[in-house]
Amino acid sequence: MTEVAHAHISIEPERYELTAAAPYRFDLDRREFFRFLGGGILVVSLLKPAAIAQESGGAGRRSDSLPKEIDAWLHIGDNAKITVYSGKAEMGQNIRTSLSQAVAEELHVPIANVEMVMGDTQLTPFDMGTFGSRTTPTMNLQLRKVAAAAREMLIGLAAAQWQIDRQHLIAADGRITDPANNRAVEYAALTKGQQLTQAVTAETPLISAARWKVAGQSALKVDGVDFVTGRHRYPSDQKLPDMLYGKVLRPPSFGATLASVDMQKAEQMGATTVRDGNFVGVAAASSELAAAAVAAIHAEWKSEPQPSSKDLFDYLRKNEVAGEDPTGDGDRYDVGAVDEALRSADHRMQQTYTVSYIAHVPLEPRAALAKWDGDNLTVWTGTQRPFGVRGQLSEAFRIPEDRVRVLMPDTGSGYGGKHTGETAIEAARLARAAKRPVKLVWTREEEFTWAYFRPAGVIDVTSGVRSDGTITAWEFHNYNSGSAGIRSYYEIPNQRIVFHATNSPLRQGSYRALAATANHFARESHMDEIAHAVKMDPLEFRLKNLKDERLRAVFEAAAKQFGWGRSKVAGQGFGMGGGYEKLGNIATFAEVEVDRNSGDVKVARVVSAFACGAIVNPDGLRNQIEGSNVQGLGGALFEAIEFDNGKILNGRMSQYRVPRFSDVPILETVLLDRKDIPSVGAGECPMIGLAPAIGNAIFDAAGVRLRSLPLVPNGLKVG
Amino acid sequence: MATIRLAVNGNLYTVDADPATSLLTVLREHLDLTGTKYGCGEGQCGACTVLIDGKAQRSCITTVGTVSQKQVTTIEGLASGNRLHPVQEAFLQAEAMQCGYCTSGMIMSAVALLQRNSTPKESEIIDFMDGNVCRCGTYARIVRAIQNAVKPMAVPAGKGAGR
């Protein structure tokens with residue numbers, strides 16, 4: 001795949017990222033800004049820099065209005081405190097640290113001087129949400145520009161003060177120095193008494209990655225001490241005076257409607273009760289009392305028959321729905337003449353691959369604390385889309401968005417599972433009835449049942465190949481799981497690639513790497529199958545059909561680290577998988593051990609080679625890659641949601657196996673740092689090569705080809 | 001309801017609660033010690049781990065009535081002032097966390113392990129810690145942190161106490 005082909009695969013939100021509300025048009029009086037922030041320097045970053053350059057002229061502005069469509073801003077106060085405002089949300093991907101690094105780099109200050117204010121719809125500019133590995137390629141770059149513009153302003157202020165050409169001045173260590181005249185001035189002395197605003201312009205010079213000193217280096221989590229001491233307050237830890245605890249009565253199955261309800265006993269227990277349509281809930285003085293009150297409610301529900309997991313793949317094939325592709329990420333791709341090429345191929349192969357629904361299982365379940373002041377609503381909640389949740393609240397309560405404030409204290413992970421605002425709405429509804437703040441934290445069972453799942457899918461692959469290992473034809477049909485990563489990066493002249501939208505028996509949505517995991521599993525497993533059919537080494541076969549230099553580089557780097565081609569002992573198997581997603585390139589090699597008697601499959605070692613442009617925080621990046629591999633083990637080996645007739649059958653931690661210490665293989669990571677290429681994200685791409693690498697390694701070890709994720713929920717049946 | 005006396009992190013508390021209430025609920029709702037986390041409610045994930053008389057216990061399945069005569073230690077009770085416990089320091093230095101939600105429980109389990117086995121082998125760490133879940137997948141770093149935590153106790157004198 002060429003650079004051009006790379007470029008047209010966008011990282012716009014995907015089909016299942018759940019659509020975002022229309023952007024909030026930020027419109028603040030600049031005097032309001034300084035009233036709120038205190039004097040100093042304010043630099044704003046704008047979504048459409050070209051239009052702004054016109055508006056602002058690039059100089060320090062003194063007019064009273066600020067441009068709209070700001071996506072981030074930075075303030076340097078009289079006390080030299082640097083505060084950065086971004087609508088992004090932190091849930092463990094460590095952007096609070098990597099974004100601080102970017103700002104510290106451009107402003108030449110220690111990371112500790114930078115404070116990030118994030119995910120607060122009142123204090124931060126609109127942001128669509130934190131998903132799709134977009135923070136590093138977009139927000140990191142924007143904040144670098146903002147910080148660079150601030151630096152240039154400070155140099156300008158010093159130049160004016162000393163009446164000297166700015167070219168002679170240097171910004172370093174929080175000061176502007178004039179080496180020729182041996183003088184220096186602290187940033188704080190320059191900002192004092194100022195009320196200057198500046199918009200980022202296209203001309204603002206950025207420090208090139210090759211010269212980074214703070215960015216590009218490993219940095220410890222900026223607020224790490226708060227986490228190891230238990231001091232950090234997650235959404236579920238929030239508390240207000242007079243607060244009540246909320247609990248919702250759940251229907252016995254999905255889509256059930258309430259026929260009748262008797263809440264008398266709950267009320268006698270002292271709980272506030274609410275029935276509003278199908279919503280039934282209580283608020284009480286303790287979480288225990290709330291749970292007891294809900295248990296005392298007698299309700300009759302009407303349920304409809306629904307599909308079960310044993311019929312899932314058949315259901316998906318038979319329930320295709322027509323519909324517009326909402327995201328433009330491509331439902332169909334045709335090139336060449338596939339049918340002819342298949343007819344004339346030396347070898348043809350057709351296989352079907354399936355992927356089960358899996359749950360995110362964020363260790364902190366969804367939680368919200370809601371408080372009304374008259375018609376104004378404030379909600380603290382764990383979400384990847386604070387502005388999206390604000391929109392949902394505004395819609396649910398029929399109040400304008402400017403009466404709703406959503407705050408997102410750094411939450412206990414998301415993995416794509418916290419895009420929506422169920423708990424926020426539930427807590428707010430109960431708080432309105434109780435006329436007191438209400439906190440509502442989902443139980444693990446609620447989280448397993450009433451959130452949403454990674455989409456299940458069925459994928460049919462048909463291929464044609466010449467005896468020399470050249471792939472000539474490729475037909476790929478994905479039912480339901482999604483179109484992320486659906487295109488092949490192998491050079492194939494004749495292709496037909498189709499995504500089929502279908503009805504989904506379960507509520508489904510975003511999940512780390514989303515459909516790229518399913519599509520890479522099918523593609524990279526199939527590549528392995530063809531390699532064996534034409535009796536070629538799987539690595540050699542891939543490289544023969546792969547031109548993309550960056551992808552070749554990660555395959556070659558991982559193969560070298562792994563020791564591809566070395567000899568094996570009985571029961572051992574080696575396999576690979578890799579690809580391209582969210583602008584990153586990954587190759588993953590796995591070593592498995594299969595016990596043919598017990599059927600136990602142990603993943604012993606995983607080697608990943610990853611390229612994501614210029615690396616911002618090497619250790620943080622390794623942590624993301626290791627985490628992707630560990631989390632990915634679950635979906636690859638044993639995670640699957642079982643359901644029947646509108647009920648989840650394994651919605652508890654004791655019934656749904658997630659990876660643990662004893663599952664973890666030796667993890668080796670090779671980072672290809674490309675300082676000449678813009679930095680891109682790493683939260684998702686590293687996951688996609690793992691499942692096929694393991695599946696291919698199992699085939700290598702035991703001669704059994706597995707085509708369904710999870711691969712071995714009950715061990716491997718050999719022979 | 002009953003009046004229950006509790007010793008938590010060296011402090012004595014009196015709470016009015018049903019003795020069947022979970023210790024986790026009492027810590028979080030009555031004492032506002034929110035460092036101990038809810039994860040599953042059935043003792044399967046370890047996020048709620050505390051020390052009871054020095055032993056790691058899951059506070060979500062421990063009723064408050066059973067601990068009134070015992071010493072409870074939570075994550076808030078580990079550091080002495082600003083001086084972190086060696087296990088906390090080791091987690092910090094090894095960046096053994098992402099979202100950090102499992103971290104309290106991980107640290108409490110690790111402290112309990114090191115109290116009964118000050119030089120655990122890697123396999124012993126994995127066995128002991130297997131009941132604690134980290135969904136972000138930082139297990140390998142946690143193992144490293146636990147191994148490193150033992151070292152500061154034997155550091156050269158030059159490094160001195162404190163941090």
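User: What is the mean pLDDT of chain B, and what share of its residues reach 70 or more?

Analyst: pLDDT is the predictor's confidence in each residue, on a scale from 0 to 100. For chain B the mean pLDDT is 93, and 93% of its residues reach 70 or more. Over residues 153-163 of chain B, however, the pLDDT is below 50, and this stretch has five contacts in the model beyond near neighbours in sequence. Two residues are in contact if their C-beta atoms, placed from the backbone, lie within 7 Å. The model as a whole scores ipTM 0.94 and pTM 0.93. This is a predicted model, in which local features need pLDDT of at least 70 and side-chain atom pairs count only at pLDDT 80 or more, whereas totals for chains, interfaces and linings use all residues. Residues are numbered from 1 along each chain as its sequence is written, while chains are lettered from A and ligands numbered from 1 in the order in which they are written.

User: In what order do the elements of chain B run from the N terminus on?

Analyst: Helices (H or I, at least four residues) and strands (E, at least two) are DSSP runs, numbered from the N terminus. Chain B has five helices and five strands, arranged from the N terminus as β-β-α-β-β-β-α-α-α-α.

User: Why does the radius of gyration of chain B agree with a compact globule?

Analyst: The radius of gyration is taken over C-alpha atoms, and the globule rule is 2.2 Å times the number of residues to the power 0.38. A compact globule of 163 residues would have a value near 15 Å, and chain B has 16 Å, which agrees. Along the principal axes, the C-alpha atoms of chain B fill a box of roughly 50 × 30 × 25 Å. Of the contacts in chain B with a separation of 6 or more, 61% involve residues 24 or more positions apart.

User: How many residues of chain B are in contact with chain A?

Analyst: There are 41 such residues in chain B, and they touch 47 residues of chain A. Helices H1 (23-30), H2 (86-93), H3 (103-116), H4 (122-129) and H5 (139-150) of chain B each supply at least two residues of the side that touches chain A.

User: Is strand S17 of chain A largely enclosed or exposed, and which strands pair with it?

Analyst: A residue is buried if 20 or more other C-beta atoms lie within 10 Å of its own, exposed if 12 or fewer, and partly exposed in between, with C-beta atoms placed from the backbone. Five of the six residues of S17(A) (residues 376-381) are buried, so this strand is largely enclosed by the rest of the structure. Strand S16 (residues 367-373) of chain A pairs with S17(A) in the antiparallel sense over six bridges, and A:Asp373 stands opposite A:Asn376. In their hairpin, which has two residues between the strands, A:Gly374 takes a positive phi near 60°. Strand S18 (residues 404-407) of chain A pairs with S17(A) in the parallel sense over four bridges, where A:Trp380 stands opposite A:Leu407.

How values were computed: Pairing = 2+ DSSP bridges.
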